[in-house]
Amino acid sequence: MMSSPLGLYLHIPFCRQRCDFCAFYLEIHRESRAEGFVRSLIHEIGLSAQQHVAAGRLIQSVYIGGGTPTVLASTQLIAILSEIRSHFTLTSDREITVEAHPSTISQQDLVQLRQAGVTRISFGAESMEDGELARIGRPGAVRETVKAVTQARTAGFTNINLDLMYGLPGQNLESWQRTLANCLTLAPTHLSCYALTVEQDTKLASNIKRQRSPAPDEDLQIEMDEAAQRILVEAGYERYEVSNYAKPGYACRHNLLYWTNGEYLGLGPSAQSYLGGTRFGNVADIAAYDTSLAASQLPMEDRTRLSEEEQLRDAVIFGLRLTRGIPSQHLHQHAANYGHAAVTAQLLAQQLIEEDGGRSRLSARGRLQADTIAGQLY
Ligand code: SF4
């Protein structure tokens, strides 16, 4: 049987500064450090294509994320893409996404990326209110988001995502609705709306502890989530996953792989992979990553082979997040495997999970409690 095409994720572990809420693995960008990293990443692409179980597999999507990929020069990003093309075969309808911080990209960068075959650009807007950006230690200004989207369109991008966050310090329902309305005037094809969560060891966590910043108000976040659903669905977007809205035909193909138990190969420090029923990750340390690749060794650690039951568990937990859901028999098989029959019956009785036409999915109310439900079904 032919294997289905893979996704390729590349983690660029640099940002200009760390936002207060961010717990991702990254370093503050320095030119010299980034040059060494790009050499290592290019080496990793070549080695993976030769040594990996991924060898010879078609690639359906490439996602360059981070961090802030666009702190690299566009020539560096293009060199990475060209290395991918010389070692892997991409499907004719591939999706190639680059994440960008609006203040780290110019018109010329956008033109060059588009010409190099990037099909989708994803801007970290977070909010369309300058005061809210400042309160989360996020560099940049709203006018830069507006400018970047306009320039992306002029450069020929027709598939543009904006990432937004709700539940920010000082944000209220009205300002969130204004952010959504302002985003709609930019006509993105895709919007991701994430509830702010407080990660351990972040500046935000310490600010909350010292009462310098309010903790997110969960009830307000639920109201904001409902407002987003109402406003965006009315504007013609489909909520195809808990946090993701797209115009018809613009769901993110790469991210869909994560939610449908599809396979992907992650390259770069801390990147995670799922291939052939095995999850594995790269070392989360740029120096160790560079050292490993200098010795022509893939910088992998943490390999876990999943049993069939564990593969089904993950398919159920991720798949329930999708509007299209999963076959109901998978939900019930998973409940039987893990002794979750009573919990599953309760989630159905409470209408947090709904079943129809032989498929199961989180209900509108269930989507608001997606993480709690995932914990109950794990
Ligand atoms: S730009 Fe993104 S990755 Fe970088 S620090 Fe901010 S939230 Fe984290």
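The model is predicted, so to speak of local features we need pLDDT of at least 70, side-chain atom pairs count only at pLDDT 80 or more, and totals for chains, interfaces and linings use all residues. Residues are numbered from 1 along each chain as its sequence is written, and side-chain values use heavy atoms, with hydrogens and water left out.

The search runs on a 1 Å grid over the protein atoms alone: a cavity is a set of points where a 1.4 Å probe fits but cannot get out, while a pocket is an open set with protein on both sides within 12 Å along at least five of seven lines. Lining residues have an atom within 4 Å of a point. Points are joined across faces, edges and corners, and a volume is the space filled by probe spheres set on them.

There are 2 cavities of 30 Å³ or more. The largest cavity holds about 50 Å³. Its lining includes His-101, Gly-124, Arg-138 and Glu-144. Strand S6 (120-126) and helix H5 (142-154) each give at least two lining residues; helices (H or I, at least four residues) and strands (E, at least two) are DSSP runs, numbered from the N terminus. The lining divides into 5 nonpolar, 5 polar and 2 charged residues. Here Ala, Val, Leu, Ile, Met, Phe, Trp, Tyr, Cys and Pro count as nonpolar, Asp, Glu, Lys and Arg as charged, and the others, Gly among them, as polar.

The second largest pocket has a volume of about 160 Å³.

Now the ligand. Which residues surround it? Among them are Cys-15, Cys-19, Cys-22 and Arg-138, where near means a heavy atom within 4 Å. That shell has 6 nonpolar, 3 polar and 2 charged residues. Arg-138 also lines the largest cavity.

Last, two residues. Is Asn-207 buried or exposed? Asn-207 is buried, because its relative accessible area is 12%, and buried means under 20%, exposed over 50%, partly exposed in between (1.4 Å probe, protein chains only). Asn-207 sits in helix H7 (residues 203-209). Beyond neighbours within four places in sequence, Asn-207 contacts (heavy atoms within 4.5 Å) Asp-20, Arg-212 and Ser-213.

Tyr-194, in strand S8 (residues 190-195), is partly exposed, since its relative accessible area is 33%. The C-alpha atoms of Tyr-194 and Glu-126 are 8.8 Å apart, although 68 residues separate them along the chain.
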